[in-house]
Amino acid sequence: MNIAAPQASALQDDSIEQPLLSVRSLTRYYGTRIGCADISFDIWPGEVLAIVGESGSGKTTLLNCISTRLPPTSGTVSYSMRDGVLHDLFKLREADRRFLLRTDWGFVHQNPADGLRMAASAGANVGERLMAVGDRHYGHIRETAIDWLDRVEIDAGRIDDQPRAFSGGMRQRLQIARNLVTAPRLVFMDEPTGGLDVSVQARLLDLLRGLVNDLGLAVIIVTHDLAVARLLSHRMIVMKDGRVVEQGLTDRLLDDPQAPYTQLLVSSILQG
Ligand SMILES: Nc1ncnc2c1ncn2[C@@H]1O[C@H](COP(=O)(O)OP(=O)(O)OP(=O)(O)O)[C@@H](O)[C@H]1O
Ligand SMILES: [Mg+2]
């Protein structure tokens, strides 16, 4: 694949002085087994960060800890709330944490069934998130839902259908609409194209790339696919056995990998 990684305009913006999210020495054990260990990085508004590594390297553990779905064993995660102050996420009141999850953040699961209400209509799946941020006007909610179905290339005529009547690709696009409708500032994605076949993956990636660019979203995306990282991310973290082996700008890292493990990953992709 010969497409340059997207440029992060936010990175060059001097007005941004503070990261959106700051991770320090984050460690999670499962009993005596390492899930992830001593992970530190920052993510800035509008930046797309890819976390890559082989199966079992700790990507999901890290993502779940950052997004407060899993308590870390040690380390901190701070987030710049709308008051402009960095807050330690694990010291937030439960109500504030839930508010973040419902409004300021999105979480796109690999399996759409984990992120959708399968027995509610497509329109309700999108509308529910709007209601969580206080929209009470039925007409407006429906109008916005139709607009978002259109943005993710789902026919408006399907608005009253349940996602269980959708194909895998449509479900994933609906999950994306549900997550983005509240204009979150940070979206977590765990292998969002993982369960889909190759042609569907390519279209979905294209769509995601467009939406992320248009909305200026910050995204932390977990993938084992370097082509996905190349297409979507500005910066990458490479993990192995729960630890970071290399991190840096995506173009630099993929064109000139430094760590032997990254070199191996990159060369095996080129051969494949
Ligand atoms: N619930 C759990 N209980 C015990 N060990 C776990 C649990 N979840 C993950 N682990 C272990 O933590 C390590 C990291 O797993 P994790 O699921 O984070 O990897 P991953 O990079 O997401 O892998 P994959 O690409 O297969 O999804 C592995 O050794 C795994 O066996
Ligand atoms: Mg995983």
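Author: Two strands pair if DSSP finds at least two bridges between them, and strands (E, at least two residues) and helices (H or I, at least four) are DSSP runs, numbered from the N terminus. This is a predicted model, so local features need pLDDT of at least 70 and side-chain atom pairs count only at pLDDT 80 or more, while totals for chains, interfaces and linings use all residues. Residues are numbered from 1 along each chain as its sequence is written, with chains lettered from A and ligands numbered from 1 in the order in which they are written.

Reader: OK, what makes strand 3 and strand 8 a pair?

Author: Strand 3 and strand 8 (residues 218–223) share five bridges, and the cut-off is at least two, so they pair. The sense is parallel, and Val 52 has Thr 223 as its bridge partner in strand 8.

Reader: And how many bridges join strand 3 to strand 9?

Author: Five, again in parallel, with strand 9 spanning residues 235–240. There, Ala 50 is bridged to Met 236.

Reader: Why is strand 3 called largely enclosed?

Author: Because six of its six residues (48–53) are buried, meaning 20 or more other C-beta atoms within 10 Å of their own, placed from the backbone. Both faces are covered: Val 48, Ala 50 and Val 52 on one side, Leu 49, Ile 51 and Gly 53 on the other.

Reader: Which residues are around ligand 1?

Author: Among them are Tyr 30, Gly 53, Lys 59 and His 224, each having its C-beta atom within 6 Å. Helix 1 (59–66) and strand 2 (33–43) each supply at least two residues, and helix 1 gives the most, three.

Key
Buried ≥ 20, exposed ≤ 12 C-beta atoms within 10 Å, placed from the backbone.
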